[in-house]
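User: Hi! Could you walk me through this model? I'd like to hear about helix packing and ring pairs.

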Amino acid sequence: MTEAQVPAPARSPGQGPLTGVRVVELAGIGPGPFAAMLLADLGADVVRVDRPGGPGLGIDPAYDVTNRNKRSVVVDLKAPDGAGRVLDLAERADILVEGFRPGVAERLGVGPGDCHARNPGLVYGRMTGWGQQGPLADRAGHDIAYIARTGTLGMIGSPDRPPAVPANLLGDYAGGSLYLVVGVLAALHHARLGGTGQVVDAAIVDGTAHLSAMIHGMLAVGAWQDRRGANLLDGGCPYYGTYETADGGHMAVGALEPQFYDEFLRLLGIEDEEGPGLSGARIDVTRWPALRERVTARFKERTRDEWTAVFDGSDACVAPVLSLREAPHDPHLAARGTFTEHDGITQPAPAPRFSATPTSVRTGPARPGTDTDDVARDWDVPRLLSAPRPPQRKASP
């Protein structure tokens, strides 16, 4: 199919730039659901194929924000006609996303070969930690193990303590979900130009390693030491890090450029201290320990809110370290609407933003199986109507 023959997807104002794109998500945990949420936030019609009994995480589906803007059907892939129902959906989809271990989708009858036999133009996205091949491909794992082997975990934290764990943001979501989304959208563009679908192998180890590209360049030229807390951007630099305040809060400092550094010293109130001027300590690493000691002591003289007021409106590149519950109330984030509330749940708003096709949280988390009738009608998949219906439970407070 040529580009001219590709039917233009129906556009619905306010639904996002991917309106008209159909996505099948085979339910999993972690990076797969987040990637599908991002596609849904961008306007795609995402149908999540839940398994009977759910994913087993114990999270009330009513509060699983990663399932917002989606619809759900329940299919038992181990049932005799389970694979057929999924293939009916795949035949009408643009993208399919799955997060099984290598070979599992094939054994269930919904692997790339099965799906492409029904829909040659399908983009088949595979989300794993280790990838589709390699010595560890068949092994279990989680975010922390994936980022450990890529060298990125070893970069984070104080040099005198074990590496700090960055929740599951670095591996699952940055190195995993975001790379899967980039991959399937690039493959979708290719498919719409030439009509050929393909498999996208998104491995968390690949994506996380890719995120460290700049650091590897700095390492090669000698501008980065291969150890924690010794570099410009890893907390080793006294004007790029965090400091405790008088009330136990923290301030984040990122005054890298000379003009920002000078303003930081001025507002902190230490630029005119006796002895060699602190301005010169910026590029003299032998003076960094003394500078850090002075900055640490100064920050402990006032509370976090007091220091926030001192640096407010300046270019010193200093900000308060907020908690998850505090962040939505930050004046800047509140003014931008970075967080939103839907069905009583405060959550990050869709990102990024589009001038012509704005996005929004259209629906709350999809409840397993509740959209079967609508999907069967909209996607013309009548076989879904014979799928098992899960009992509905009331959301807990």
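User: Great. What should I know about the model and the numbering first?

Analyst: This is a predicted model, where local features need pLDDT of at least 70 and side-chain atom pairs count only at pLDDT 80 or more, while totals for chains, interfaces and linings use all residues. Residues are numbered from 1 along each chain as its sequence is written, and side-chain values use heavy atoms, with hydrogens and water left out.

User: How many helices and strands does the protein chain have?

Analyst: The protein chain has 13 helices and 11 strands. Here helices (H or I, at least four residues) and strands (E, at least two) are DSSP runs, numbered from the N terminus. The C-alpha atoms fill a box of roughly 80 × 45 × 45 Å along the principal axes.

User: And what share of the residues counts as buried?

Analyst: Of the 397 residues, 42% count as buried. Buried means under 20% relative accessible area, exposed over 50%, and partly exposed in between (1.4 Å probe, protein chains only). As for contacts (heavy atoms within 4.5 Å), 67% of those between residues at least 6 apart in sequence join residues at least 24 apart.

User: On to packing. How do helix 9 and helix 10 pack?

Analyst: Helix 9 (residues 258-268) and helix 10 (residues 288-299) pack at about 45 degrees, with their axes 11 Å apart. That makes helix 9 oblique to helix 10. The axes are lines fitted to C-alpha atoms, for helices over the stretch in contact, and angles run from 0 to 180 degrees between N-to-C directions. Angles under 35 degrees count as roughly parallel, over 145 as roughly antiparallel, 65 to 115 as roughly perpendicular and the rest as oblique.

User: Which residues make that contact?

Analyst: Tyr261, Phe264, Leu265 and Leu268 come from helix 9, and Leu291, Val295, Arg298 and Phe299 from helix 10. They divide into 7 nonpolar, no polar and 1 charged. For those classes, Ala, Val, Leu, Ile, Met, Phe, Trp, Tyr, Cys and Pro count as nonpolar, Asp, Glu, Lys and Arg as charged, and the others, Gly among them, as polar.

User: Which residues of helix 9 are buried, and what do they pack against?

Analyst: Tyr261, Phe264, Leu265, Leu267 and Leu268 are buried in helix 9. The buried residues of helix 9 pack against strand 8 (250-254), helix 10, helix 11 (304-311) and strand 9. Just after helix 9, Gly269 takes a positive phi of about 85 degrees.

User: What about helix 6 and helix 7?

Analyst: Helix 6 (residues 169-194) and helix 7 (residues 204-211) have axes 8 Å apart, at an angle of about 100 degrees. They are therefore roughly perpendicular to each other. Among the residues in contact are Gly171, Gly175 and Gly176 of helix 6 and Gly207 of helix 7. By class, this contact has 5 nonpolar, 6 polar and 1 charged residues.

User: And how do helix 1 and helix 6 cross?

Analyst: The axes of helix 1 (residues 31-41) and helix 6 come within 9 Å and cross at roughly 50 degrees. The two helices are therefore oblique to each other. Residues that meet include Phe34 and Leu38 in helix 1, and Leu178 and Val181 in helix 6. That contact has 11 nonpolar, 1 polar and 1 charged residues.

User: Switching to rings: how many aromatic pairs are there?

Analyst: The count comes to 10 aromatic pairs. Rings of Phe, Tyr and Trp (its six-membered ring) pair if their centres lie within 6.5 Å; planes under 30 degrees apart count as stacked, over 60 as edge-to-face and the rest as tilted. One of them joins Trp130 and Tyr146, edge-to-face at 4.8 Å centre to centre with 90 degrees between the planes. Trp130 lies in the loop between strand 5 (123-128) and helix 5 (143-149) and Tyr146 in helix 5, so the pair ties together parts 16 residues apart in sequence.

User: Are Trp130 and Tyr146 buried or exposed?

Analyst: Both Trp130 and Tyr146 are buried. Another pair is Phe299 and Trp307, with ring centres 5.2 Å apart and planes at 70 degrees, so this pair is edge-to-face too. Ring pairs also link Tyr243, Phe264, Phe299, Trp307 and Phe311 into a cluster.

User: Last topic: where are Asp88 and Ser323?

Analyst: Asp88 is in helix 2 (residues 82-91), and is buried with a relative accessible area of 11%. Leaving aside neighbours within four places in sequence, Asp88 is in contact with Arg118, Val381 and Arg383. Ser323 is in the loop between strand 9 (318-320) and helix 12 (331-336), and counts as partly exposed at 35% relative accessibility.
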